[in-house]
Amino acid sequence: MFLLAPRPSSRTPDLMVWDIVGHDRAVDLLRRGIARGRVSHAYLLSGPAGVGKRTLALEFARALNCERLGPGATKDGERCTDGGRSEPSSSVLGPWSGGEPPCGACRRCRLIGRGQHPEVRVIGVEPPHRIIRIADIAPIQAEAQLRPADAWRKVYIIEQAELLHPDAASRLLKTIEEPPEAVIMILTTVDPEATMETIVSRCQHVRLRPLTRAALADHLVRDRGLLPDRAVLVAALSGGTVGGALCTNDDTSLEKRARLIDDLASLIDADRVERLSYARGLADRWSGRPESVRDTLHAWLRWWRDVLLLQRGLGERIVNLDRRSALERDAARFAPTTIAAAIAQVRDTLMMLDQNVNARLALDVVALGLPRSELAA
Ligand SMILES: [Zn+2]
């Protein structure tokens, strides 16, 4: 389900912001495009996973199609026609109502927010496939030629554009090169470098960057009801993305992270036999649940990075804020070269596992190579 919720009724229609956390420059660019009647036919939204690419694309689709803002809307925000259900006229390309925010409450806004508007479509990889195929793109090509029936603009949001099969990308390129009048294509990607250059060059590229910790924590307290201490911890752990923060804030997720950190502390004190036993447990999980093994190694990586940050006097950048005293203890008892070696070894192991090396051997090596306390035999 999509993330856009109906707006609280207290929202004033003349407020010149969209329902988006952060990304002020991107919102401003899209909003001004609408206000000036200069909307591009194709956009590329890039940024890390969870940063809000789909949320922004859907809010843009709302702003383009909100029944209270489209051509024919009056100044008080009410439509003078039949609630936006009439056929769009040639004025479909004209300026909207000053780029004001979509109401979030009209029928179209609600349908778009729920991902149920038939002319605002989200297209992506369809499991079990791992690429976007011609079969996923071909229907858009045909549909895009038809005039919109219940929208000012048809919007196609194509997610993970870096996973477009070259043949599917070529099909899409035709629609982008000869765009039907009332169609907007929005591609999203975590990796613009890996996205077909001919497509990228025809899109207006909008980059979304992670929020600062302070801005994200503020949002989590104000709009999501988190207690301040928890909001600060979640903001630090999530890498500055709202999507990441919502996953991290889950109790199970926080408990799992705490367990992984406790396990690591035990391993630092453990002897060779105990370390090998833990590694064998990881190796057994690798075949069925590789994500859980990656999570373990990423937790180790975050830990050692924090230790190194403390050693370098950059304590304000650590992410495991609730474990500061244990981090300080490790920073005091291990040499920076030991920590740097631990980081390199965990990174190498993650890379080797992705290259299908002998997982058991790789995990034995990384467990044995962890820094040792004076308790470890
Ligand atoms: Zn609306």
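Where is Pro128 found? Pro128 sits in the loop between β2 and α4 (134-144), and the views below start from there. Everything shown comes from a predicted model.

**View 1**
Pro127 and Pro128 are joined by a cis peptide bond, with omega near 10°. The loop that holds Pro128 runs between β2 and α4 (134-144). As background for this view, most residues other than glycine have a negative phi, and most peptide bonds are trans.

**View 1. Five parallel strands make an open sheet.**
Reading across this sheet of 5 strands, the order is β2-β3-β4-β1-β5, and the pairing is parallel. At the edges are β2 (120-123) and β5 (204-207), each of which pairs on one side only. From one strand to the next, the twist averages 20°. Helix α2 (residues 53-65) lies across β1 (42-46), β2, β3 and β4. Relative to β4, helix α2 runs at about 170°.

β3 and β2 run parallel and are joined by 4 bridges, while 5 bridges join β3 to the parallel strand β4 (residues 183-189). Ile158 is a handy landmark: it is the bridge partner of Ile123, and it stands opposite Leu187 in β4. How many of the 5 residues of β3 are buried? The count is 5 of the 5, so the strand is largely enclosed by the rest of the structure. Lys154, Tyr156 and Ile158 are buried on one side of β3, and Val155 and Ile157 are buried on the other.

Gln160 is not a glycine, yet its phi is positive, about 55°. Its place is the loop between β3 and α5 (166-177). Is Gln160 buried or exposed? It is buried, because 20 other C-beta atoms lie within 10 Å, and 20 or more is the cut-off for that class. Asn356 also has a positive phi without being a glycine, with a value near 60°. This residue is in the loop between α14 (336-354) and α15 (359-368). Asn356 has 7 other C-beta atoms within 10 Å and so counts as exposed, the limit for that class being 12 or fewer.

**View 2. Helix α8 is mostly buried.**
Of the 10 residues of α8 (residues 228-237), 7 are buried, so the helix is largely enclosed by the rest of the structure. The buried residues are Ala231, Val232, Leu233, Val234, Ala235, Ala236 and Leu237. They pack against α7 (213-222) and α9 (242-248). From C-alpha to C-alpha, Thr212 and Gly239 are 8.8 Å apart in space, although 27 residues separate them in sequence. Thr212 counts as exposed, because it has 12 C-beta neighbours inside 10 Å.

Leaving out residues up to four places away in sequence, Ala235 touches Arg213, Leu216, Ala217, Leu220 and Ala245.

**View 3. Helices α11 and α12 cross obliquely.**
The axes of α11 (residues 272-288) and α12 (residues 290-311) come within 6 Å and cross at roughly 135°. That angle makes α11 oblique to α12. From α11, the contact is made by Leu282, Arg285 and Trp286; from α12, the residues are Pro290, Ser292, Val293 and Thr296. Sorted by class, this contact has 4 nonpolar, 2 polar and 1 charged residues. One reminder for reading helix contacts such as these: an α-helix has 3.6 residues a turn, so residues three or four places apart point the same way.

Key: Residues numbered from 1 in each chain as written. Predicted model: local features only at pLDDT ≥ 70, side-chain atom pairs only at ≥ 80, totals over all residues. Axes fitted to C-alpha atoms, helices over the stretch in contact; angles between N-to-C directions. Helix = DSSP H or I, 4+ residues; strand = E, 2+ residues; numbered from the N terminus. Parallel < 35°, antiparallel > 145°, perpendicular 65-115°, else oblique. Contact = placed C-beta atoms within 7 Å. Nonpolar A, V, L, I, M, F, W, Y, C, P; charged D, E, K, R; others polar. Pairing = 2+ DSSP bridges.
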